[in-house]
Amino acid sequence: MFKANFLDVNPLRKCTIYNATTNVILFPNAMIADNDNLRQLGFQYFEEMEDEDSILFLFEDEKVRSMHMRNVKFPLLMTWMDSNHVVCGMSIAEANSPLLYSSTYPAQFCLESHPDLIYKIRIGDVLKFLKTE
């Protein structure tokens with residue numbers, strides 16, 4: 001499970017992420033990053049990652065987005081979605097990479113998760129976010 005000191009003082013809201021195209025629950029407890037501070041922090045400084053760990057980044061509008069991997073100790077799958085929750089891009093980001101990873105198309109959401117999830121999501125799938133609180 002998630003291991004980072006900031007979670008003790010800043011618990012994140014959570015949601016269930018469901019692939020509506022394949023009728024599969026992908027993450028029952030995805031963390032939500034919906035403000036600048038949480039979006040900038042992401043998985044930085046986490047010591048480890050379990051298969052079920054994920055962060056859903058919510059943005060106010062749809063545009064080409066970029067994410068970095070500074071201070072992230074493990075690779076991540078970045079799944080980009082448009083304003084209709086349709087997967088419009090995916091990329092595997094390397095740990096501590098100096099590169100910026102960008103969506104190819106305008107995106108309003110980004111799901112960061114374990115790279116193995118690439119086998120459960122396809123471009124064009126619709127991902128739904130269900131409130132868990």
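Ala, Val, Leu, Ile, Met, Phe, Trp, Tyr, Cys and Pro count here as nonpolar, Asp, Glu, Lys and Arg as charged, and the others, Gly among them, as polar. By these classes, the lining of the largest pocket in this predicted model comprises 8 nonpolar, 5 polar and 3 charged residues.

**Largest pocket**

- The volume of the largest pocket is about 260 Å³.
- Three elements, α2, β3 and β4, each give two or more residues to the lining of this pocket.
- Helix α2 gives the most to the lining, with 4 residues.
- The lining consists of 16 residues, and those that lie nearest the centre of the pocket are Arg39, Gln40, Ser66, Met67 and His68.
- Arg39, one of these central residues, also takes part in a salt bridge with Glu60.

**Salt bridge between arginine 39 and glutamate 60**

- In total, 5 salt bridges are counted in the model.
- In one of them, the side chains of arginine 39 and glutamate 60 meet at an N to O distance of 3.6 Å.
- This pair links distant parts of the chain, since glutamate 60 belongs to strand β3 (residues 54-63) and arginine 39 to helix α2 (residues 36-41), 21 residues apart.
- Glutamate 60 is classed as exposed because its relative accessibility is 61%, and the cut-off for that class is over 50%.
- Arginine 39 is classed as buried because its relative accessibility is 12%, and the cut-off for that class is under 20%.

**Salt bridge between lysine 73 and glutamate 47**

- Lysine 73 and glutamate 47 form a salt bridge in which the closest N and O atoms are 2.9 Å apart.
- Distant parts of the chain are linked here as well: lysine 73 lies in the loop between β4 (66-68) and β5 (76-81), glutamate 47 lies in the loop between α2 and β3, and the two are 26 residues apart.
- With a relative accessibility of 45%, lysine 73 counts as partly exposed.
- Glutamate 47 has a relative accessible area of 51% and is therefore exposed.

- A salt bridge joins the side chains of aspartate 61 and arginine 65, with an N to O distance of 2.6 Å.
- Aspartate 61 is partly exposed, at 38% relative accessibility.
- Arginine 65 is buried, at 9% relative accessibility.

**Nonpolar surface patch**

- Ile92, Ile118 and Tyr119 make a nonpolar surface patch of about 340 Å².
- Of these residues, isoleucine 118 lies in the loop between β8 (107-113) and β9 (127-131).
- Isoleucine 118 has a relative accessibility of 32% and so counts as partly exposed.

- Tyrosine 45 has a phi near 70°, which is a positive value in a residue other than glycine.
- The location of tyrosine 45 is the loop between α2 and β3, where glutamate 47 is also placed.
- Asparagine 96 likewise has a positive phi, near 55°, and is a residue other than glycine.
- Asparagine 96 sits in the loop between β6 (87-93) and β7 (100-102).
- The relative accessible area of asparagine 96 is 47%, so this residue is partly exposed.

Conventions:
Residues numbered from 1 in each chain as written. Predicted model: local features only at pLDDT ≥ 70, side-chain atom pairs only at ≥ 80, totals over all residues. Heavy atoms only, no water. Salt bridge = Lys/Arg side-chain N within 4 Å of Asp/Glu carboxyl O. Buried < 20%, exposed > 50% of the residue type's maximum accessible area, 1.4 Å probe, protein only. 1 Å grid on protein atoms, 1.4 Å probe; cavity = no way out; pocket = protein on both sides within 12 Å on 5 of 7 lines; lining within 4 Å. Points joined across faces, edges and corners; volume = space filled by probe spheres on them. Patch = residues over 30% accessible without salt bridge, like charges linked within 9 Å, V, L, I, M, F, W, Y side chains within 5 Å. Areas by Shrake-Rupley, 256 points an atom, 1.4 Å probe, with all protein chains shown as cover.
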